[in-house]
Amino acid sequence: MTNPTITYNDYRDLAVSSNKRTQERNTDRSDRLFVYTLVNTMLEPLYIGCCADVEKRLRGHRQRDWFSDVHMILVEDHQADDAKAIEIDLIKSLKPKHNV
């Protein structure tokens, strides 16, 4: 199951929504990870990452000098087993500017 693509302004709602669904199911989210893509106004990928807590991870990215170029954040919810492979495939194929 994949959450819809969201913008920077909506990513907190996704986290809240995911947490509410998780609490309602009374299950552990350790089997879920988010794959996110930071894109500029030309929709070119700047950075692709994978994490359990998007809001926390983005706080770290905001410290980067290139973060002001971020126009939108695309977020997908994946099974943990798949998320890292998806992240690696996206990095290899899209070659984001700030993934070293």
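Let's start with Cys50. Is Cys50 buried or exposed? Cys50 counts as buried, because its relative accessibility is 16%, and the cut-off for buried is under 20%. Keep in mind that this is a predicted model.

Now Cys51, the next cysteine to look at. Cys51 is buried too, because its relative accessibility is 9%.

So what about a disulfide? How many does the structure hold? The count is 0. Cys50 is in no disulfide, and the nearest cysteine sulfur to it, that of Cys51, lies 6.7 Å away. For a disulfide, the two sulfur atoms would have to be within 2.5 Å.

Next, the strands. Take S1, residues 32–39. How many of its residues are buried? The answer is 8 of 8, and the strand is mostly covered. Look at the two faces. Arg32, Phe34, Tyr36 and Leu38 point one way from S1. Leu33, Val35, Thr37 and Val39 point the other way. Residues on both faces are buried, Arg32 and Thr37 among them.

Which strands pair with S1? One is S3, residues 72–79. S1 and S3 run antiparallel, with 8 bridges between them. For a landmark on that side, find Leu38: opposite it, in S3, stands Ile73.

Another partner is S2, residues 45–51. S1 and S2 make a hairpin, and 5 residues sit between them. In that turn, check Leu43: its phi is positive, about 60 degrees.

Last stop, His61. Where is it? His61 lies in helix H2, which covers residues 54–61. His61 counts as buried, because its relative accessibility is 2%.

What does the His61 side chain meet? It makes a polar contact of 2.7 Å with the side chain of Tyr36. Tyr36, remember, is one of the buried residues of S1. Leaving aside residues up to four places away in sequence, His61 touches Tyr36, Leu38, Tyr47, Trp66 and Phe67. Leu38 points the same way from S1 as Tyr36.

To recap. The model has 0 disulfides. His61 of H2 joins Tyr36 through a polar contact.

Notes: Residues are numbered from 1 along each chain as its sequence is written. This is a predicted model: local features need pLDDT of at least 70, side-chain atom pairs count only at pLDDT 80 or more; totals for chains, interfaces and linings use all residues. Side-chain values use heavy atoms; hydrogens and water are left out. Buried means under 20% relative accessible area, exposed over 50%, partly exposed in between (1.4 Å probe, protein chains only). Helices (H or I, at least four residues) and strands (E, at least two) are DSSP runs, numbered from the N terminus. Two strands pair if DSSP finds at least two bridges between them. A polar contact is a pair of N or O atoms within 3.5 Å; within protein, one must be able to donate a hydrogen and the other to accept it, and residues adjacent in sequence count only if both atoms are side-chain atoms. Contact means heavy atoms within 4.5 Å.
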